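Please read the following report alongside the sequence and the coordinates.

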Amino acid sequence: MGSREIVEQQALVGSMADSLLLYKRGPSRSTWLRARKARPHLILSYRPRRRLGRLRWRGRRRFRRRLLQAQAAGADWREGCCLVSRSAAPRRPKTAAPSPRPAEDPAPSCSALLPIPPVRSAGSGRAVLLLPLGQGFTFSGICRVTCLYGQVQVFGFTISQGQPAQNVFSTYTHSRLTINAVHYSVHEKSKKEMKREARSLLRSYLNQDDRYCLMKNFSPLCSILLLERLKTSTVNFIISHPGLSYVFVQEIPTFQINSEYFALKSVGIRRERKKNGLRLTESAFSVMDELVSISCEEADGCPVILVCGSQDIGKSTFIRYLINQLLNSISCIDYLECDLGQTEFTPPGCISLLNVTEPVLGPPFTHQRTPQKMVYYGKPSCKNNFENYIEIIKYVFSSYKRESPLIVNTMGWVADQGLLLLIDLIRLLSPSHVVQFSSDRGRYMPDLSPSYVDDMDGLYTKSTSKVRNRGFHLAEFADNLEFADEEKENPVLFTGYKLMSVKSEFVSGKTPRNRESHNKVLRELAVLSYLGQLQPPVPKPLCPLHGLTPYQVPFSAVALRIIHADVAPTHILYAVNASWVGLCKILDDVRGHAHGPILLAQTPICDCVGFGICRGIDMEKRLYHILTPVPPEELRNVNCLLVGTISIPQCVLKSQRGLEGTIPYITTDYNFKLPGASEKIGAREIEETRKEKVHPKPKFYRKTN
């Protein structure tokens, strides 16, 4: 075999390794670097090369994967691999690179097989993890975590021995979570006593051999966890839609296939590199420790903490971590949501006030909760309607009782009018602490010190130099926003706050080009999570939305309002049908109208009890068919339906299982040349060749019994 042929063979294997880089969600870069360094050893004989040429692309991909996996495992290609011709094995050319060195110990000990921290299988869907003090376990996927021995911390929340299990969501849409072993009190126990206690706890979960392997790595102050497979109706509903299963679980080729791999796979998680885990800066931890200390001191009352900063800088992650840290010492935290686009506990387009009593161990779409007070704004942005936004915040904030610390989340729009609006919010809410995020890669934002806010005019408020008594009088602001008379006579005094700066090193995968499409996906996941509440509890099978019985609401029982646009009365029902609707209650009595539909001339500021889908409209019986998870006792108070720009995810409409014939509300005959018929995702225009589009003209469902 000549040198030219050898070079061609090496180039062939190199192209195989390079083509694997295009494999979706492939291994990390360092893994591929190791594989590429091994190219000279991957020499194929003539017959396998001819076989490779006849393979289709799927067969080629499997062949490449097996080739690289065996190489990374240290296999001898001429002796132990069936991919290499046996006749070619003894004829190795002199110019070829040497074969990989075989492992010196063919039967390694138990400690060599089990990495630190070790994992052992505890039966179907369960695994036991041992974490030495100071070490962490970074993973992706979802699981249920129980601390059998010791104490660990996940996303700032401490889980101790004897506490209830926690559902942990380490999804691919956000940074991976890490379980860290932390210090705990041992009450002067010896190492022998601690090992005896841990061994007795493991008898219920592991056999004798697995207990021996696990306890061989036991050291003082270790923590032992039980990881269990987690299945909820919401998770099952989300992953039932095509293209969304990757959110929780990803099948990624790996070279480390061992007992730990299979144990974690049975749970539904996989180990990740530490660099993929969530990381906060020292300034973030310093600010967090100070806020926790202040919140735990009863003498200082209940602090109002306002968090601000530009987009994709880590505000939401910081708030979740702070909530979990506070819940370690306090039983309840109040949370005011002022970010319309990326809401934390509700579907998008809402301003809400919640009492948080349980930790948040995942992204927003994994912990949708019922607020104490909520108003449906109807849009993911408040541009062009700032007054209504301020009015709603004031209405929701009035329900805050100052019985627990309040965390305020703000929008990432901090330029131009967004900055002026933020100054108005600071004056309106009078926070005791303002946490401002800044980054070298983010948009410039001036330091919002008390002196800066005093000297700046907001959109509706004036600077201190233009008012009396070193406070700011809300006379002009109140006239515009229709404040109560007693509030006009007793203006709020701006007493100042403490500015706390956080230097963020958060690296977001979003770019200006794909930010809007990425945010849209997160909003749709929140809507899907809310609709997942309609599903029966596990282990009952999923029920398609068209198979659920909707509520029948007479035209005369509710009023209608389209928030985001002016719609002619003759087209109102076209806009409401197959739409995401807010179920609200207004003070006016709308009953008594014989015919309907009842239309509102202005958008009311009213309580929203939940959301639903207007699944269909029966024109003969004059009924709305509403599908919603809101309980019937709450629905009795609903007398208003609000429709905004928040839409039903298209996967719900296009993936309705069990339907025969044409899918309702879906058409293949759509003219993208009509004005307003196309939409943008990020900065890209949807191609006109797209065949499926939600039809603007409604087709009515039939009621399902």
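What follows is a description of a predicted model, arranged by topic.

## The chain as a whole

The chain has 705 residues, of which 50% are buried, and its secondary structure comes to 20 helices and 27 strands. Among contacts between residues at least 6 apart in sequence, 76% join residues that are at least 24 apart. The chain exposes about 35,400 Å², and carbon and sulfur atoms supply 48% of that area.

## The sheet from β10 to β16

Seven strands form an open sheet with mixed pairing, in the order β13-β12-β11-β14-β10-β15-β16. Its edges are taken by β13, residues 373-376, and by β16, residues 498-503, each of which pairs on one side only. From one strand to the next, the twist averages 15°.

At one end of this order, β15 (residues 433-438) pairs with β16 in the parallel sense over six bridges, and S438 stands opposite K503 in β16. Helix α10, residues 282-296, lies across β10 (304-308), β15 and β16, and runs at about 145° to β16. Helix α11, residues 315-327, also packs on the sheet, where it touches β10, β11 (333-337), β12 (350-356), β14 (406-409) and β15. The direction of α11 makes about 170° with that of β14.

## The sheet from β17 to β23

A further open sheet of seven strands, again with mixed pairing, has the order β17-β22-β21-β19-β23-β18-β20. Because β17 (551-554) and β20 each have a single partner strand, they stand at the edges, and one side of each is left without a neighbour in the sheet.

Within this order, β19 (residues 580-585) and β23 (residues 640-643) pair in the antiparallel sense over four bridges.

## The α6 and α7 helix pair

Two packed helices are described by the angle between their axes and the distance between the axes. For helix α6 (residues 191-202) and helix α7 (residues 208-215), the axes come within 10 Å and cross at roughly 145°, and the crossing is right-handed. On the α6 side the contact is made by K195, A198, R199 and L202, while α7 contributes R211, L214 and M215.

The side chain of S240 reaches the backbone oxygen of F237 at 2.6 Å. Leaving aside residues up to four places away in sequence, S240 touches L542 and R657.

A601 lies in the loop between β20 (598-599) and β21 (607-618). With a relative accessible area of 72%, A601 is classed as exposed, because that class covers values over 50%. Although A601 and I562 are 39 residues apart in sequence, their C-alpha atoms are 9.6 Å apart in space.

Methods:
Residues are numbered from 1 along each chain as its sequence is written. This is a predicted model: local features need pLDDT of at least 70, side-chain atom pairs count only at pLDDT 80 or more; totals for chains, interfaces and linings use all residues. Side-chain values use heavy atoms; hydrogens and water are left out. Two strands pair if DSSP finds at least two bridges between them. Helices (H or I, at least four residues) and strands (E, at least two) are DSSP runs, numbered from the N terminus. Axes are lines fitted to C-alpha atoms, for helices over the stretch in contact, and angles run from 0 to 180 degrees between N-to-C directions. Contact means heavy atoms within 4.5 Å. Buried means under 20% relative accessible area, exposed over 50%, partly exposed in between (1.4 Å probe, protein chains only). Accessible areas come from the Shrake-Rupley method with a 1.4 Å probe; for residues, only the protein chains shown count as cover. A polar contact is a pair of N or O atoms within 3.5 Å; within protein, one must be able to donate a hydrogen and the other to accept it, and residues adjacent in sequence count only if both atoms are side-chain atoms. A crossing is left-handed if the near helix is turned anticlockwise from the far one by less than a right angle, and right-handed if clockwise.
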